[in-house]
Amino acid sequence: QGSARRRPFPAAAPGSPAPAGTLFPGRHGAVKGEDTFKTSPFHLDLWFYFTLQNWVLDFGRPIAMIILPLEWFPLNKPSAGDYFHMAYNVITPFLLLKLIERSPKTLPRSMIYVSIIMFVMGASIHLVGDSVNHRLIFSGYQHHLSVRENPIIKNLKPETLIDSFELLYYYDEYLGHSMWYIPFFLILFIYFTGCFTPVAEESRMPVAALLLMGPSSLYYWYLVTEGQIFILYIFTFFAMMALVMHQKRKGLVLDSNGLFLFYSFIITLLLIAGWVAWLWNDKILRKKYPGVIYIPEPWAFYTLHMNNLHAAKESL
């Protein structure tokens, strides 16, 4: 019966409806047949571009802001990191769309488009809040302290200005992160749903995928810890595991792209566990991150420990 469904259709007469399983260039773009499985080779170019731009434009933006001379980017002007962020906000949605286009399975277009729009909005909100918050480092702002506990903030007059900085922090750390990361992980999961194949030979990763897995996993660690989105990440990971077990009952296995994404998330979880274990007894960070889930931000660790280390070296 399966082979009968895959039999080529005869040419349709002009004006007659096209048979199921063919491409429809009309409504919502081309729609692919659901009853066939197509091979999807490892997307080396896209995954490499993802990893490169994530490290340079996201992880590297605060580093560029600190390293480059302040005279080049005054405090009342956008920093080098802000331009990195602007480039990230353009390039990442484009790469996500290209990744979805290469899926061998028909994916919900409307959900993808709405997610991309939300992603750009959230990343843009984060751009503004993060720009101001990181520029405050040059004025003595300490990320390991809350807004009201920072020495440069709590002495502001009138005190209503502190409320404004708390609002800025809310847009940066809560609203911006939610509108940025929820669509990002949703798109990755939607793509992941199409990464299954009945051919066991296709469930192998090339050497290039193994080489990219380390940098990719390390970036996801930074994304989860700095973005404080462990709940979102772990729910996405659990959904991936549930889908893998469900598809396995149907005789389907992950292809190379699905394996790359799935194993990257596993390594990320191990890195997060190691990070938490290392800083488990840090009393100052414990105070800023109370509650059951204790995952310190790397930048909070930097302003608490690395800044003190730099100051000690300069005093010598």
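Colleague: Start with the largest pocket. Why does it lie between domain 1 and domain 2?
Modeller: Domain 1 (40-194) and domain 2 (202-297) both give residues to its lining, so the largest pocket lies between them. The domain bounds come from an automatic or database domain assignment. This is a predicted model, where local features need pLDDT of at least 70, side-chain atom pairs count only at pLDDT 80 or more, and totals for chains, interfaces and linings use all residues. Residues are numbered from 1 along each chain as its sequence is written, and side-chain values use heavy atoms, with hydrogens and water left out.

Colleague: How much space lies in the largest pocket?
Modeller: About 530 Å³. A volume is the space filled by probe spheres set on grid points, which are joined across faces, edges and corners.

Colleague: Which residues lie nearest its centre?
Modeller: Glu173, Tyr174, Gly227, Gln228 and Tyr289, out of 23 lining residues. The elements giving two or more residues to that lining are α6 (160-192), α7 (207-227) and α8 (230-249). Helix α6 gives the most, with 7 residues.

Colleague: What counts as a pocket, as against a cavity?
Modeller: On a 1 Å grid over the protein atoms alone, a cavity is a set of points where a 1.4 Å probe fits but cannot get out; a pocket is an open set with protein on both sides within 12 Å along at least five of seven lines, and lining residues have an atom within 4 Å of a point.

Colleague: How many cavities of 30 Å³ or more are there?
Modeller: The structure holds 3. The largest cavity has about 170 Å³ of space, and His126, Asp130, His134, Glu173 and Glu226 lie nearest its centre among 22 lining residues.

Colleague: Which element gives the most to the lining of the largest cavity?
Modeller: Helix α6 again, with 6 residues. The largest cavity also lies between domain 1 and domain 2, because both give residues to its lining.

Colleague: And the second largest cavity, what is its volume?
Modeller: About 80 Å³. Its lining includes Arg61, His85, Asp130 and His134. Here α4 gives the most, with 4 residues, and α2, α3 and α4 each supply at least two. Helices are DSSP runs (H or I, at least four residues), numbered from the N terminus.
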